[in-house]
Amino acid sequence: MKLVLDAVFGVENYRAEIIWKRYGAHSNSGTYGRIHDVIFFYAKSQTIIFNKQHEPYEEAYIKERFKFEDDDGRRWAEQNLANPAKRPNLTYAFTAKNGVTYDPPPNGWKYTKARMQELDDMNGLHYPAKAGGRLRMKNYQDERLGVPVQDIWADLSVLGGSSPERLGYPTQKPRALLERIIAASSNPGDVVLDPFCGCGTAVDAAQKLGRCWIGIDVTHLAIGLIEKRMREGYGDDLPFETIGSPKDLASAQRLAVDDPHQFQHWITLKLGGYPWMGGKKGGDRGVDGYFYYIGDDGSTQTGVISVKAGNNVNPAMVRDLGRVMARDGHNLGVFVCAAMPTKGMVDEANSHGLFETHFGGETGLVGNRYPKLQTFTLAELFQDKRPKLPPLVSVNRKAARVEVRKSHQPGAQGGLDI
């Protein structure tokens, strides 16, 4: 990889090799556990943008270096106020707000009289306990940026399985990693390009830091995840354009024929779900995606999506999805097909009945019924229709549990206490 980058950017534009600690310790290695990734830092030319980044001080360093505390708990270190060079213009007596006048050091003070007065007004000077002692400046720990970042990055949080950032994309990076890279090498308003953008961590970080951005990926899974991520993170009013995804029924039908797997990912994300991304082909057990909704008790529940891209659909496929739902304990399922469903398929779906939840609808906490299993077509999607489902929630923003119970107050007509 480095040889290729040398050829593209030029050996002279190589700047650094960064070691990023990506994992915790491994116990399954026969030698040394591989817990890091390598990041190559190249420049476009000899002139570069580089904004120095900082990481927090370690706790041991704070206790050793900033060993004094104010009454309010702010930690500080002493700093000499003597000028290292002879400065006659900074040689003056200074009267602090404690009423004591302090003679200047032999070479003069480090700061002007106005600056010394400013520090004193902000409680930034330490008065000596003994007469004739030296005035010191308080160097507050919470005003320091921290340690300048070096070429070993071990301070960034690992993107674990329980991280609210996690989208299930296999090579996903933590946003803090991309924020550091983008903040160091660009300024607000600059354009950030990620030509292999995956689930969009770089464009998310660029948006957060006030940069313009372009993300490119070959899969509809990646592009759909980025669209979902940006809408959920920044709202529906965030202006961006997606180029290359189906825009009408004809282009969507073409995708279904050309690449059924990509079609499954694309339409699952379009319907507010999350594609199944685990294991080998066929390991999905008839499920192509999941969606999350608020259940009857206020907790987050999971529904399933099955997608058929071909024209050969029949009632047995709908029946199979119903069996999967029963087997895995899902109350809701959506059978999505590019072709029009037959009457037998619709009848099979309707035979599963309705699911009732007290959450949903525009009126809020009221009783709502939804088909347990329903068919949905590609044509309906481009008619601005959606499956009949309770309010969907993000996989990373699961609803808090809410206690719901029937009211037993006299005269209550099946009321709810929330």
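A residue counts as buried when its relative accessible area is under 20%. In this predicted model, that cut-off applies to much of helix α5, which spans residues 201-208 and has six of its eight residues buried.

**Helix α5**
- The buried residues of α5 are Thr201, Ala202, Val203, Asp204, Ala205 and Ala206.
- Because six of its eight residues are buried, α5 is largely enclosed by the rest of the structure.
- Just after α5 comes glycine 210, with a positive phi of about 80°.

**Arginine 180**
- Helix α4, residues 175-185, contains arginine 180.
- Arginine 180 has a relative accessibility of 9% and therefore counts as buried, the cut-off being under 20%.
- Neighbours within four places in sequence aside, arginine 180 is in contact with Gln53, His54, Glu55, Val149, Trp153, Asp155 and Leu156.

**The second largest pocket**
- The second largest pocket holds about 390 Å³ of space.
- Two elements, α6 (220-234) and α8 (260-270), each give two or more residues to its lining.
- The biggest contribution to the lining is from α6, with six residues.
- The lining has 17 residues, and those nearest the pocket centre are Glu227, Lys228, Arg231, Leu269 and Lys270.
- By type, the lining residues are seven charged, five polar and five nonpolar.

Notes:
Residues numbered from 1 in each chain as written. Predicted model: local features only at pLDDT ≥ 70, side-chain atom pairs only at ≥ 80, totals over all residues. Heavy atoms only, no water. 1 Å grid on protein atoms, 1.4 Å probe; cavity = no way out; pocket = protein on both sides within 12 Å on 5 of 7 lines; lining within 4 Å. Points joined across faces, edges and corners; volume = space filled by probe spheres on them. Helix = DSSP H or I, 4+ residues; strand = E, 2+ residues; numbered from the N terminus. Nonpolar A, V, L, I, M, F, W, Y, C, P; charged D, E, K, R; others polar. Buried < 20%, exposed > 50% of the residue type's maximum accessible area, 1.4 Å probe, protein only. Contact = heavy atoms within 4.5 Å.
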